[in-house]
Amino acid sequence: MSGGRGLVTLSADAVVVGAGIAGLATAYYLARRGLSVVVFEKDYVGSGSSTRNAGRYRVHFGNRENTEFAIRAIRKLESLSGELGWNGIFERQGYLWLIRRKEVLRRFEELNEKLWKPLGVPVRILTIDEVRDRFPYINTRGIIGAVFGPQDGAFHHDYVIMGYYTKALDLGVTVLEYSEVRNVGVESGRVVSVSSSNAFVRTRDVIFAAGAWTGELMKSLLGIDLPIKPVRREIGITEPIKPFINTYIIDTETNFYIGQTMRGEVLGSVELEGVEGFLPYGNTLNWLTAWARETVRLIPSLRGIRVMRVWSGYYEMTPDSSHVMGRLDSWPEGVYVLSGFSGHGFMFAPYAAELLVKYVVDGVVDPLMRPFLPHRFITGNLIKEMLVI
Ligand SMILES: Cc1cc2nc3c(=O)[nH]c(=O)nc-3n(C[C@H](O)[C@H](O)[C@H](O)COP(=O)(O)OP(=O)(O)OC[C@H]3O[C@@H](n4cnc5c(N)ncnc54)[C@H](O)[C@@H]3O)c2cc1C
């Protein structure tokens with residue numbers, strides 16, 4: 001390491017932009033393959049969506065590509081406590097989709113028959129009596145049935161992030177916090193450096209894992225058009241109470257979701273119409289009142305519970321609500337992307353990072369990765385994902 005006047009100068013085999021789950025996992029798997037790695041983070045480790053999410057995972061998606069990817073990704077996620085040495089507090093409580101219209105129920109039944117059952121992850125379709133029986137605290141007015149996915153569950157994002165962070169440091173990865181990437185040097189069509197205002201790194205590979213900022217960043221630094229847009233999402237948590245919500249509940253009509261943590265806090269949100277753009281972190285009274293109203297409507301016994309904390313984060317949305325990983329030949333040699341997870345990135349990123357590293361180091365495109373290459377935005381071969389929560 002060298003430098004003057006506070007400028008750090010380094011050389012590395014690869015640079016990762018962003019220290020969220022995608023960037024840290026990528027850095028760790030690159031280092032495990034023997035590469036020297038520098039991670040640039042414009043704020044602090046985990047400051048993006050990776051510590052602002054609901055901490056839930058599922059294998060049930062609306063198309064084959066995402067479901068197959070999710071099955072492998074969840075297997076990976078659930079194995080992380082052993083791999084990272086940090087307890088990720090994984091818990092399979094299942095997902096419960098509440099259904100209020102016959103055509104929605106039919107769509108889920110079709111997904112189950114044509115997609116989930118053949119892939120070995122069947123859901124159970126519950127009658128309204130079964131819902132009342134198994135989840136007696138739910139106000140079932142207007143509900144005609146439900147879909148229960150027993151394979152789905154919860155984790156604690158902080159411990160997974162800390163696991164990757166500490167393991168990456170153990171392997172010699174350099175993580176530069178408060179170091180915003182401002183320039184990518186390209187010579188003869190190939191990456192030669194990445195720099196911020198306080199660090200300059202000579203490198204041949206750069207992986208953009210900058211979450212909701214990825215689209216804007218790749219455009220401004222390299223002129224690359226990648227359709228990844230930020231949409232702010234709000235979420236909140238209550239005081240802890242005796243655990244009784246024994247699953248993660250999603251109202252398919254209002255896009256309201258609610259669950260309870262192991263500590264007893266009730267966590268959830270109602271998704272109001274999202275607005276694209278970097279709206280400031282923070283919460284609106286409109287959202288808070290809608291969340292409170294929906295919470296008490298669905299679980300009346302929660303009336304009077306005290307809200308402890310509310311916050312927001314960005315979904316990194318693509319036009320088909322599916323992630324993007326890899327590179328295009330038209331990009332400068334050495335530029336890669338791993339982003340655009342569209343609201344389900346924490347559960348996907350560890351596995352996606354492992355596949356991306358195989359691609360960067362060995363040049364191998366895994367069959368499960370192929371549909372998510374960026375060229376689908378040119379060919380129009382989109383993977384339209386409808387089951388976004
Ligand atoms: C309210 C909410 C609920 C969610 N619930 C779930 C859920 O239950 N399950 C699930 O799997 N996913 C969920 N998600 C989505 C999930 O959190 C994200 O998809 C995932 O965290 C994305 O990880 P990332 O590493 O790609 O991005 P981020 O965690 O956002 O990390 C990107 C990092 O890049 C940094 N960065 C940006 N620009 C630069 C630059 N120029 N230089 C250096 N660094 C830069 C940022 O500061 C940031 O730290 C939710 C998201 C939200 C907002």
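Domain bounds here are those of an automatic or database domain assignment. In this predicted model, the protein chain is divided into two parts: domain 1 comprises residues 8–52 + 158–228 + 320–379, and domain 2 comprises residues 95–152 + 233–314. The C-alpha centres of domain 1 and domain 2 are separated by 32 Å.

The ligand lies between domain 1 and domain 2, because both domains give residues to the shell around the ligand. This shell consists of 42 residues, of which G18, G20, G48, G211 and G345 are the closest to the ligand. By residue class, the shell contains 20 nonpolar, 15 polar and 7 charged residues. Several secondary-structure elements each supply at least two residues of the shell, namely the helices α1 (21–32) and α9 (345–362) and the strands β4 (56–57), β14 (229–240) and β18 (307–317). The greatest contribution comes from α9, which gives 4 residues to the shell around the ligand.

A further point of interest is the residue L267. This residue belongs to strand β17, which spans residues 265–270. A residue is classed as buried if 20 or more other C-beta atoms lie within 10 Å of its own. L267 has 20 other C-beta atoms within 10 Å and is therefore buried. When neighbours within four places in sequence are left aside, the residues in contact with L267 are A54, I237, G259 and T261.

Key:
Residues numbered from 1 in each chain as written. Predicted model: local features only at pLDDT ≥ 70, side-chain atom pairs only at ≥ 80, totals over all residues. Buried ≥ 20, exposed ≤ 12 C-beta atoms within 10 Å, placed from the backbone. Contact = placed C-beta atoms within 7 Å. Near = placed C-beta within 6 Å. Nonpolar A, V, L, I, M, F, W, Y, C, P; charged D, E, K, R; others polar.
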